[in-house]
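Here are a few friendly notes to read alongside the model. Have it open on your screen as you go through the points.

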Amino acid sequence: MNAVRPADFDAHLERTRLLWTLAAMLVMILPHALHLAPWIILAAALVALWRLAVAYRGWPLFNRFTRIGFGLLAFLGVFATYHTLNGPEAGTALLILLATLKLMEARGLRDYFLALVIALFIGIANFLYDQSIPLAIYMIPAVWLATTALLNVAHPDTSRTTLTSLKTTARMLLPALPIALVLFLLFPRIPGPLWGVTLPQNSAITGLSTQMSPDSISRLAQSDTIAFQVKFLSPAPSRSQLYWRAMVLHDYNDGTWSIGNALWPNNETLVTHGASVHYEMTLEPNNLRVLYALDLPVRAPKNTYLTADYALVTQQPVTERRLYAVTSYTNYSYGADTPSWILRRDLRLPQGDDPRARRLARQWQATAGSPEQVVQDALRMFHVQPFVYTLQPGVLAGPNRIDKFLFDTHRGFCEHYASAFVFLMRAAGIPAHVVIGYQGGSVNPLDGYYIVRQDDAHAWAEVWFAGRGWVRVDPTAAVDPARVEEGLAAALPAGEVPGYFFRSHPWLGNMRNIWDAVNNGWNQWVLAYGPELQKRFFTHVGLDYGNWLQLALVLLVLIGGILVLVWLVLLWRHRAPPPTAAVRDYRRFCRKLAKCGLARQPHEGPLDYAKRVSCSRPHLAEPVHAITSLYVELRYNGMGSTREFNRLVRAFRPQQ
Amino acid sequence: MPNDQPIPIRELPIPALVQKAGRVIAEASQIILGKEVQIRLSLACLISGGHLLIEDIPGVGKTTLAQTLARLLGLSYQRIQFTSDLLPADIIGASIYERQSDGFRFHPGPIFAQLVLADEVNRATPKAQSALLEAMEERQVTVDGVTRPLPQPFFVIATQNPMHQVGTFPLPESQLDRFLMRIDLGYPGEQAERDLLRGRNRRELLHALQAALNAQELLALRAAAFKLHVSDALLDYLQAVVRYTREAPRFEAGLSPRAAIALKHAAQAWALLMGHTGVAPEDLQAVLPGVVGHRLRLKATHESNSSAAVTRELLEAVPIP
């Protein structure tokens with residue numbers, strides 16, 4: 001006999017609980033290692049190892065004061081690292097440290113239970129930092145494991161293998177999936193970011209800024225992260241028409257263009273030609289108060305307004321992925337009646353700098369007959385003279401930068417051409433400004449979405465002609481038409497194309513298309529499911545958005561329905577096998593006798609019943625005996641003829 | 001022993017044996033008047049190879065029943081009177097030094113018999129009780145490191161007084177479980193008692209009894225009983241009964257799988273004695289009180305019903321599927 005002694009059993013139980021709790025904590029904490037300070041993960045791991053040594057090597061536990069000391073140290077360490085105890089990062093760090101410290105005093109069901117619940121919460125906190133598909137996929141087995149840990153902590157069973165407990169929890173979790181889906185679709189969505197928490201990740205976004213300095217756009221050309229995705233609802237314009245407008249920069253100072261401070265509402269006159277373009281944008285967070293739109297949007301989406309520059313401005317910076325629908329005209333001119341006092345700010349130039357450029361501009365102004373001719377002169381200069389479109393323009397520093405670029409180096413990226421062109425126009429007395437945004441984009445053949453990446457960032461110009469208004473002019477197109485027609489990679493000199501992996505291998509590009517399409521679907525259908533999409537979904541299924549009573553009822557009915565369905569499945573699985581023919585006929589026989597006032601008791605055996613019937617109705621004794629003995633033969637001896645039994649029961653007439 | 005040459009079991013004519021068993025019951029009923037059901041249950045218990053516990057107050061014929069069965073079945077018979085000073089060696093025997101052979105020789109105890117009557121088993125100390133119960137379970141005894149098998153067949157009929165009597169050591173549940181059946185005899189009926197008072201001396205009648213079966217025939221009956229058809233329908237019923245005892249809140253613990261197997265075997269033996277070709281629900285119902293009465297205990301909160309009432313309620317609560 002090697003019975004387990006109670007003390008041993010308790011220790012074994014405690015170790016099982018500890019191991020499961022640690023496993024659940026490990027899988028929940030692991031993704032946090034990507035964004036939390038390394039010492040926090042390290043400290044948690046050390047505490048966990050120490051706890052294991054206590055359980056397996058018999059190391060002593062710390063006393064209460066030491067534990068309190070460690071707790072205080074955790075607070076201090078987190079404060080020293082994040083300079084706050086508030087906010088998502090410090091909060092998660094603190095939670096992780098305290099949860100592992102909790103294991104130091106964990107004893108019995110309650111403490112491990114608490115640690116596990118905290119571990120689940122730490123798991124949810126992962127989604128504060130990352131809402132991508134890989135994390136979501138990672139969390140499925142993680143939650144499964146944590147639930148199994150809950151099972152094994154709450155109901156430890158030495159006879160149950162890990163595999164069976166995993167199967168058990170899978171069976172428990174599966175019926176929860178449809179309920180989760182119903183809650184996901186129907187539970188009221190609150191507008192705005194989750195819990196109003198501003199997440200630290202947004203501070204490190206690559207993208208446009210409200211200024212354009214000589215290297216701000218060429219820097220973006222190194223990044224192939226997605227800026228936004230577009231789904232055209234009407235026929236897509238040609239590639240050379242795909243100018244995605246972000247901001248208009250009016251002020252030039254010290255080589256840098258900036259937005260200025262005037263953002264008055266739009267009351268410009270707009271002249272459009274041709275058909276309008278309808279499309280839906282999925283904008284990645286850009287941390288700006290600007291939504292991008294195809295040149296030129298005519299109506300602002302909800303909660304945004306159009307400025308006089310036809311930029312879409314929001315009230316809050318875009319810190320979350322945002323979906324909006326816009327209508328644009330690609331063939332347009334606007335602002336023909338802009339008063340001269342407003343136009344004056346698009347003529348302003350800093351004093352003194354770049355004398356050669358100014359001289360050239362004045363020369364054009366004197367010789368050309370019209371402002372249009374001046375524009376043509378400038379574009380011809382870019383086209384005819386040996387200007388190079390390049391990511392390596394060389395250092396253009398100090399004063400007279402535009403002069404150096406125009407007359408000496410002749411090398412520049414789109415911001416240099418736009419900048420120099422607008423400078424020349426202003427010097428020639430033609431109102432002009434820089435527009436920044438994106439140009440082009442690539443179609444993902446898998447889902448038809450246009451993907452515009454950071455390396456599609458672009459800068460161009462708009463000039464004002466009396467009577468016509470503002471007209472788009474892209475000097476880069478004059479230097480290198482391929483930039484607009486085919487994209488950056490085709491326009492840059494060989495050897496300068498950013499060496500992305502994907503460009504070198506076609507099949508890798510294909511893989512990227514698939515990944516982008518999957519990601520886009522995830523963004524469109526899962527992450528973007530906020531109040532707007534929910535409203536659309538409600539209208540689609542015929543629900544009244546905003547009628548919370550109706551919604552509560554629908555939720556109740558659906559979840560109740562799912563529970564009933566699960567119950568029915570369980571019932572069906574444990575259902576009794578259908579009665580055999582003999583049993584059906586015997587029940588019929590019993591019903592016939594019951595009509596004569598001789599009902600069979602449920603616990604009465606057939607032989608006893610026959611005896612009782614024969615006693616009270618001697619004239620029935622013979623047929624009852626025959627039927628009963630055949631029934632016993634059929635049911636309990638596995639012999640006899642069902643047909644004969646059926647015939648006997650049919651012929652049985654107790655009432656006559 | 002009347003027949004030393006073992007007869008192959010298969011060649012024995014089973015219907016004739018069943019008839020002989022019927023004669024055993026009939027003749028025993030001449031000695032123990034008005035207790036045919038208990039006699040039949042006892043015989044079913046022995047046929048299915050289990051040990052029998054008879055529990056009742058003194059003087060209702062417990063010992064007489066055991067002796068009657070021993071005689072009628074033609075088994076070698078030993079009686080052990082359990083007392084508070086009984087030692088294990090008094091039951092299983094001991095090695096005693098012999099001068100002639102200059103060595104120890106094993107003197108087998110009274111346990112080495114085919115049918116052992118352990119009279120008033122709850123009067124002995126737990127130590128003596130467990131010697132008996134171990135022998136019952138293992139069907140062999142080990143003395144001085146030598147294992148000696150007990151004769152075949154080996155039955156124990158134990159009698160005991162109800163537990164509340166003075167100077168008794170009640171058998172614990174784990175040991176009660178070793179008995180396939182526990183029956184009680186109860187007072188005889190009015191007419192039976194009158195016959196008893198008018199009739200001849202029981203002891204004389206007992207000595208006049210001739211064996212109606214022998215050991216081989218008993219083993220053949222057992223083999224036949226175990227071959228009796230048990231349908232799925234009956235197993236459904238058996239499991240429903242067992243499940244009820246496990247799920248109903250009134251029982252401290254439900255029936256064990258061992259109890260379920262015991263139920264099946266006892267029902268088979270009963271069906272054989274009844275001349276059935278398969279086991280009917282009535283067969284199960286007949287043996288149920290004897291088989292489960294001593295294995296089920298009600299929770300303390302329930303008023304203590306007699307085990308007969310408990311099993312009757314159990315029977316009535318479970319419908320036959």
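1. A definition to start with: rings of Phe, Tyr and Trp (for Trp, its six-membered ring) count as a pair if their centres lie within 6.5 Å. In this predicted model, such ring pairs link A:Phe228, A:Phe232, A:Trp244, A:Tyr279, A:Tyr292, A:Tyr438 and A:Tyr450 into a cluster.

2. Over all chains, the count of aromatic pairs comes to 33. One of them joins B:Tyr97 and B:Phe104, with 5.7 Å from centre to centre and 70° between the planes. The pair is edge-to-face, because planes over 60 degrees apart are classed that way.

3. Are the two partners in that pair buried or exposed? B:Phe104 counts as exposed, at 65% relative accessibility. B:Tyr97 is partly exposed, and its relative accessible area is 45%.

4. Two arginines in chain B are also worth a look. The charged end of B:Arg40 sits over the ring of B:Trp270, 6.0 Å from the ring centre. For B:Arg250, the charged end sits over the ring of B:Phe251, at 5.5 Å from its centre.

5. Now for chain B as a whole. The chain contains 13 helices and nine strands, and 51% of its 321 residues are buried. Of the contacts between residues at least 6 apart in sequence, 78% join residues at least 24 apart.

6. Finally, the surface: chain B exposes about 15,400 Å². Carbon and sulfur atoms supply 51% of that area.

Note on methods:
Residues numbered from 1 in each chain as written. Chains lettered and ligands numbered in written order. Predicted model: local features only at pLDDT ≥ 70, side-chain atom pairs only at ≥ 80, totals over all residues. Heavy atoms only, no water. Helix = DSSP H or I, 4+ residues; strand = E, 2+ residues; numbered from the N terminus. Buried < 20%, exposed > 50% of the residue type's maximum accessible area, 1.4 Å probe, protein only. Contact = heavy atoms within 4.5 Å. Areas by Shrake-Rupley, 256 points an atom, 1.4 Å probe, with all protein chains shown as cover. Phe/Tyr/Trp six-rings, centres within 6.5 Å; stacked < 30°, edge-to-face > 60°. Lys NZ or Arg CZ within 6 Å of the ring centre and 35° of its normal.
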